Amino acid sequence: MENILSNDMTIIIIDDDEAIVEVTRMLFEQAGWQVHSFFEFPGFSETESLNPDVLLLDYWMSGLSGKELLSALQEHAQLSKVPRLVMSAMQKIESQLQGLEVSAVVKKPFDIDELLAIAEKVSRKNNVALTS
Amino acid sequence: MAALRPLQPSDTSEPYEKVLNTLDGSEVHVIVSHTRLRAKKKIFLSLFLNVSKSKRLEQLKNDFISITSHELKTPLTSMRAYTQMMQKAEVSPQISEYLSKMIKLIDRQNSLINELLDLSKIESGTLELKWEKVAIQKLVVQVVEDFRVKFPTRKVVIGLCPIQQLPGDHDRIYQVLANLVSNAIKYSPENTPIVIEFALQENFLHISVKDRGVGIKKVELKKLFLRYSRIHSENVQGLGLGLFITKKIVDQHGGRIGVKPHKPKGSIFFFTLPLKQKASRKHD
C-alpha cells in the first residue's frame, strides 16, 4: 500500500496485544497519521504532551481496566477533550460502557476501512465541538 | 385435624429463583416453589432447593467461555487486518480472490465464536435484552445494505413498515433478521428475489422474509428451531445454532417465529414483535 500524504493527525494506540498494536500502527501510518503506540497507558502527562487527535484504546487490558481508564480520562481537564475510540472483542461491550463518554466503539475483529473512517470522523480536527 | 385435600395442578406455583441472605452474610441461590395445602386457611408448603453450587459452576463456565472467546477473537483481529492490507497492495486478481476468501473464513470463525457465546448465555438464562426504541424500517434497510456489500447481485425487495418504531433490542433484532436473510440468500437461486414484508397484527408487528428457494421438507419443520439443527444438512457448514438462537431472541422479546411454504416454491420465515415492551416477571 502506498503511503499517502500526511493528514496532519495524531493517534495514540493503546492495546496489550502486540500483534494488534503492530497492525493498527502500520494501518494508521500508511493512512498518513502520526502514530504513538503503547502496550499500557503511558500516564496522563505523556499522553497530553503527545497532543493526540484521537485515543484508540482496547477496553480489556491487563493492569488498569478500560472502565477505570475511561473514567479517569473523562475527568481529566485536557484529555477529556480528546475523542476516545474504544476497540473491544467483548460481544456486548456497549453495556460495559454505560455511563462512560466514548466517541465510538469498534468491535474486534474490525474492518480496517471502517476503523480508519471512524477515527477520521471522530478526530479532534474534524470535530469542532470537542475543541471549542 | 382436617384431612388434607387432594392436590390440584393449580395448587402449585411456578418455581422461581431467589437469592437469600444467610446470617453469616453469604448469599444462597434457591429455587422456590409453593404448594397450597389448605385453601381456606391459606396453608402452603414451600420448597427451597439450594442451587448455589450449580450457579457457581455455571458462572465459572460462563466466565471461561467469555474469556476464551475474547482470546480467540484477538488473533482474528490481526489476521483480518493484515489480510485486508495485503488485498490493498498491488496483488494479482487471483491473489485478491484468495484473500477475499480468507476474510470470509475469518468472519465465519468470528460468527461461530459469537454463536457459542450466545448459546452459553441462553443456557444460563443470562441472554439479556437492551430495551430501546428501534426504528424498524431503518434497521431492515441497514441489514439489507450490509448484505449488499457481500452479495451485490442479489435482489432484496423491502416493503413499507406501517409503524416507525417499536421497543426491542436493536442489535438482537438485527441479528434475527440478518440470520433469516442470510438463510434466504444461502438456500435460494441467485436470480430469484428475496422479499421482506411487514404487517400489523393486533398488538404485534409481523415481519416476513420470503424466498424462492428449495423450501423446507415437512420432516425438517419440527426440528428447525432446535439447537444443532440445520435446514439442509448436506453441504452446509456451521454449528446449526443460528435459528435456535434467533428463536430464543424472538421469545425473549415476547414474539414468535415460524416458517411456512411459499407456494409454488420457497419458504416464508416470519417473526412477530410486540408493540409494547414485554413485562418481566419479578419476585420479591
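**Salt bridges and the A–B interface**

A:Asp58 and A:Lys108 are both buried (under 20% relative accessible area, with exposed over 50% and partly exposed in between; 1.4 Å probe, protein chains only). The model is predicted, with local features requiring pLDDT of at least 70 and side-chain atom pairs pLDDT 80 or more, whereas totals for chains, interfaces and linings use all residues. Residues are numbered from 1 along each chain, and side-chain values use heavy atoms, without hydrogens and water.

**Within chain A**
- A:Asp58 and A:Lys108 form a salt bridge with closest N and O atoms 3.1 Å apart (a side-chain nitrogen of Lys or Arg within 4 Å of a carboxyl oxygen of Asp or Glu).
- Because A:Asp58 lies in strand 3 and A:Lys108 in the loop between strand 5 and helix 5 of chain A, the pair ties together parts 50 residues apart in sequence.
- A:Asp15 joins A:Asp58 and A:Lys108 in a network of salt bridges.

**Interface of chains A and B**
- In contact (heavy atoms within 4.5 Å) are 22 residues of chain A and 24 residues of chain B.
- A:Gln91, A:Lys92 and A:Pro109 supply 29% of the area that chain A buries against chain B (accessible area, 1.4 Å probe, lost on putting two parts together, summed over both).
- The rule finds two salt bridges across this interface.
- One of them links B:Arg80 to A:Asp111 at 3.7 Å, N to O.
- B:Lys88 forms a salt bridge with A:Asp113 at 2.9 Å between the closest N and O atoms.
- B:Lys88 is partly exposed at 38% relative accessibility, and A:Asp113 is partly exposed at 36%.

**Within chain B**
- B:Lys101 and B:Glu97 meet in a salt bridge (3.6 Å, N to O).

Terms used: Chains lettered and ligands numbered in written order. Helix = DSSP H or I, 4+ residues; strand = E, 2+ residues; numbered from the N terminus.
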